[in-house]
Amino acid sequence: MERRFSERRPLNIDTILIAGNLFYPGTVLNLSEKGMSISSNRRFPADCVLVVIIRKKIMVIARVKWAKKTNSHYYIIGVELLNPLKDYLELVNSLGYV
């Protein structure tokens, strides 16, 4: 059963994840209007709220929905976006994901 409301497509964009006052590198693997999957060297717990900065200028607030380990150093996290702003939605539209 598919739980997503909008389609996600593959992508590879470097990002910064902010949890509290700590910064972590990551890579956006796919995105949609309402969420994204991100590769990171840090596992974030479910329901953790992060600030995600894309392309050094687009900032969104996201809640971690799930995390899985891909190998000994990296995790993939699925996040739900909380009230994505216009600049993020413009990025999604520009990539042809809606």
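In this predicted model, strand 2 and strand 3 form a hairpin, with 3 residues between them. The two strands run antiparallel and are joined by 5 bridges.

A second hairpin is built from strand 4 and strand 5. Again, 3 residues lie between the strands. Arg55 sits in this turn and has a positive phi of about 55°. Strand 4 and strand 5 run antiparallel, with 6 bridges joining them. Here Val51 stands opposite Ile61, a residue of strand 5.

The nonpolar core was examined next. In soluble globular proteins, nonpolar side chains tend to be buried together. The largest nonpolar core of this model has 24 residues. Met36, Phe44, Ile54 and Tyr88 have the most contacts inside this core. Strand 1 (9-19), strand 2 (22-31) and strand 3 (35-40) are among the elements that give two or more residues to the core. So are strand 4 (49-54), strand 5 (58-69) and strand 6 (75-82). Helix 1 (86-94) also gives two or more residues.

Neighbours within four places in sequence are left aside here.

A pair of aromatic rings is described by the distance of the centres and the angle of the planes. The structure holds 1 aromatic pair. The ring centres of Tyr24 and Phe44 are 5.5 Å apart, and the ring planes stand at 80°. The pair is therefore edge-to-face, because an angle over 60 degrees counts as such. Tyr24 lies in strand 2, whereas Phe44 lies in the loop between strand 3 and strand 4. The two residues are 20 residues apart, and the pair links distant parts of the chain. Both Tyr24 and Phe44 are buried.

Tyr24 is also in contact with Thr15, a residue of strand 1. Thr15 has a relative accessible area of 4%, so this residue is buried. The side chain of Thr15 reaches the backbone oxygen of Ile53 at 2.5 Å. With neighbours within four places in sequence left aside, the contacts of Thr15 include Pro25, Gly26, Thr27 and Val28. Ile38, Val52, Ile53 and Ile54 are also in contact with Thr15.

Charged side chains were considered last. Side chains of opposite charge can pair when their charged atoms come close. The structure holds 2 salt bridges. In one of them, the side chains of Glu80 and Lys65 meet at 3.7 Å, N to O. Glu80 lies in strand 6 and Lys65 in strand 5, 15 residues apart, so this pair links distant parts of the chain. Glu80 has 34% relative accessibility and therefore counts as partly exposed. Lys65 is partly exposed as well, with a relative accessible area of 45%.

Another salt bridge joins the side chains of Glu90 and Lys86 at 3.8 Å, N to O. Both residues belong to helix 1. They are 4 residues apart, so about one helical turn separates them. Glu90 is partly exposed, with a relative accessible area of 43%. Lys86 counts as exposed, because its relative accessibility is 62%.

Definitions and conventions:
Residues numbered from 1 in each chain as written. Predicted model: local features only at pLDDT ≥ 70, side-chain atom pairs only at ≥ 80, totals over all residues. Heavy atoms only, no water. Core = buried A, V, L, I, M, F, W, Y, C linked by side-chain atoms within 4.5 Å. Buried < 20%, exposed > 50% of the residue type's maximum accessible area, 1.4 Å probe, protein only. Contact = heavy atoms within 4.5 Å. Polar contact = N/O pair within 3.5 Å; in protein donor to acceptor, adjacent residues only side chain to side chain. Pairing = 2+ DSSP bridges. Phe/Tyr/Trp six-rings, centres within 6.5 Å; stacked < 30°, edge-to-face > 60°. Salt bridge = Lys/Arg side-chain N within 4 Å of Asp/Glu carboxyl O.
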